[in-house]
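This briefing concerns the pockets of the structure shown below. It sets out their volumes, the residues that line them and the elements that supply those residues.

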Amino acid sequence: MANLCYLLSSLPTLFFGRNPQITYEDFLDAASRSLSVSEFKRLKSFSNSRPPSVLDGMNGLEKEYWNWEISLRNELVRLRAEVLGVKPDRYLNNYGSAGLAATVARDAFREDDPLKVEEYLTRIRYDWLESQKGGRIFDFDVLLIYSMQLQLLQRYHSFDESIGRENYNRVYNAFLSEAESVLLENIS
């Protein structure tokens, strides 16, 4: 517990919209020196770049976060599928439930600018995590929240509009091509 308290108190404060004063890699390095092997493994597995394929066996904050995140992604899939006239089932994850995620997805879907959508969704994710802190100060969930918020901020500050447009057009065209072939399969 003392190591966790020390680690948490030594980390720079994060603010949405500001570039973090620590990288995720440096954060993990500091955490590896302060946590047990099992705690560090749990921390590393709570990664924005690797959403879990299975929520079974998870509990607490991680399960709540991924349930919410997967719900949001499922709602975005449904909205995109509706616009493209394809069945969303093949792209949905079996976890998650609508609720607030449906409202957030609809709000994001109304925006035409992909960069603004990403900024909006990042802010919503960051704020959701912030709301989970409650009265906690020095517990492992606070470290998990810090970790995910740091990952979100690093991603947010890596956005480059020109690269984003290029990537968006590439992915969008590939998706349209796949949607067309799925549509042709469904017609047959």
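The largest pocket of this predicted model has a volume of about 1,300 Å³. Its lining is made up of 36 residues, and those closest to its centre are Arg 80, Pro 114, Val 117, Glu 118 and Tyr 168. The second largest pocket holds about 240 Å³ of space.

**Lining of the largest pocket**

- At least two lining residues of the largest pocket come from each of helix 4 (60–84), helix 5 (100–109), helix 6 (114–131) and helix 8 (161–187).
- Helix 8 makes the greatest contribution to the lining of the largest pocket, supplying eleven residues.
- Sorted by class, the residues lining the largest pocket comprise 19 nonpolar, 13 charged and four polar residues.

**Lining of the second largest pocket**

- The second largest pocket, with its volume of about 240 Å³, is lined by 13 residues, of which Pro 12, Thr 13, Leu 14, Lys 133 and Tyr 146 are the closest to its centre.
- Two elements, helix 6 and helix 7 (140–157), each give two or more residues to the lining of the second largest pocket.
- Helix 6 provides the largest share of the lining of the second largest pocket, namely four residues.
- The class composition of the lining of the second largest pocket is seven nonpolar, four charged and two polar residues.

**An element that lines both pockets**

- Helix 6 supplies at least two residues to the lining of the largest pocket and four residues to that of the second largest pocket.

Methods: Residues numbered from 1 in each chain as written. Predicted model: local features only at pLDDT ≥ 70, side-chain atom pairs only at ≥ 80, totals over all residues. Heavy atoms only, no water. 1 Å grid on protein atoms, 1.4 Å probe; cavity = no way out; pocket = protein on both sides within 12 Å on 5 of 7 lines; lining within 4 Å. Points joined across faces, edges and corners; volume = space filled by probe spheres on them. Nonpolar A, V, L, I, M, F, W, Y, C, P; charged D, E, K, R; others polar.
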